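Dear colleague,

Please find the structure below, together with its sequence. My notes on what was found in it follow.

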Amino acid sequence: VYAAWVSISVGCNNTCTFCIVPRLRGKERDRRPGEILAEVEAVASQGAIEVTLLGQNVNSYGVGFGERRAFADLLRAVGGVEGIERVRFTSPHPAAFTDDVIDAMATTPTVMPSLHMPLQSGSDRVLRQMRRSYRRERFMGILERVRAAVPAAAITTDIIVGFPGETEEDFEASVSALEEIRFDLVHTAAYSERTGTPAANMPGALPQEVRLSRLTRINAVQDAITLSINEALVGRTFRVLADAPAPKGEGLLQGRTSTDKVTLFPGGEELLGKFVDVRITEAESWCLHGEIAGS
């Protein structure tokens, strides 16, 4: 095991109208820091060199036991565990994201310069309907501060199109957000009803063909952005953790850069679990291709 996932909380206190998680998992319940650190130390002793901290809303960690800076402190503590060379986390919520977390990212060498921050929509009107407790301007401000403190940060997000009542203007607001922010990668979805969620009964449900058309259109915009970002990396060398044989291509391994970009390169299984310097030779919108530096 080279990479481990460690839960820091379960459940969620948010009430997003499209999400079933609070109903299924209940209110957010945080694990104590000592318990989390003990688990991180245990996986490190078993050979893990990368750990990802998991929670439905990681940056609200600590509110339950009265420590509002607890997540930033936890990042620094996990980053100092012997044997752990890479720390990641997912997912934060824009409404609760604070500058102390940005500072922990910037000043803890083992915390990787990558951030997944779900936007969901670029339209403030749709964000209100989704019951997302932030607006586009606040979201943009957070990312500006992240990029100022961690210039190399790769930022990814989630976008839902075709939410009940979404107009063409609302959809174009999401497109313009992607064009303005230039995310490294976007996980997109056409809205689909989830039984038991408030949005499932909202008026203004869009025809499936409209939802899928908007999904196709926004994917085309983001694919071009991602490809442009990745093509700028060709010729550069990155430290990649080789974590698995590539799913396609005999003799290829796959791994991730510090910015969490999937990278494919030739190599034998003796390299699995090791860091390899890979020079990027080709870029696609979903991955990088490279060769071991000096080979």
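**Crossing of two helices**

The crossing of α4 and α6 is right-handed; that is, the near helix is turned clockwise from the far one by less than a right angle. This is a predicted model, in which local features need pLDDT of at least 70 and side-chain atom pairs count only at pLDDT 80 or more, while totals for chains, interfaces and linings use all residues. Residues are numbered from 1 along each chain as its sequence is written, and side-chain values use heavy atoms, with hydrogens and water left out.

The axes of α4 (residues 99-107) and α6 (residues 136-149) come within 9 Å and cross at roughly 25°. Axes here are lines fitted to C-alpha atoms, for helices over the stretch in contact, with angles running from 0 to 180 degrees between N-to-C directions. The two helices, α4 and α6, are therefore roughly parallel to each other (angles under 35 degrees count as such). Asp99, Ile102 and Ala106 of α4 meet Ile142, Arg145, Val146 and Ala149 of α6 in this contact, where contact means heavy atoms within 4.5 Å. Helices (H or I, at least four residues) and strands (E, at least two) are DSSP runs, numbered from the N terminus.

**The chain as a whole**

The chain has 8 helices and 13 strands. Its radius of gyration is 20 Å, close to the 19 Å that the globule rule gives for 295 residues, so the chain is as compact as a globular protein of that length. The radius is taken over C-alpha atoms, and the rule is 2.2 Å times the number of residues to the power 0.38. Of the 295 residues, 49% count as buried (under 20% relative accessible area; exposed is over 50% and partly exposed in between, with a 1.4 Å probe and protein chains only).

**Individual residues**

Leucine 127 lies in helix α5 (residues 124-130) and, at 0% relative accessibility, counts as buried. Beyond its neighbours within four places in sequence, leucine 127 is in contact with residues including Leu119, Tyr134 and Arg136.

Glutamine 120, at about 75°, sits in the loop between β6 (114-116) and α5 and is buried, with a relative accessible area of 7%. Arginine 131, at about 60°, belongs to the loop between α5 and α6 and is partly exposed at 44%.

Finally, threonine 90 and serine 91 are joined by a cis peptide bond, with omega about -5°.

With kind regards

Methods
Angles under 35 degrees count as roughly parallel, over 145 as roughly antiparallel, 65 to 115 as roughly perpendicular and the rest as oblique.
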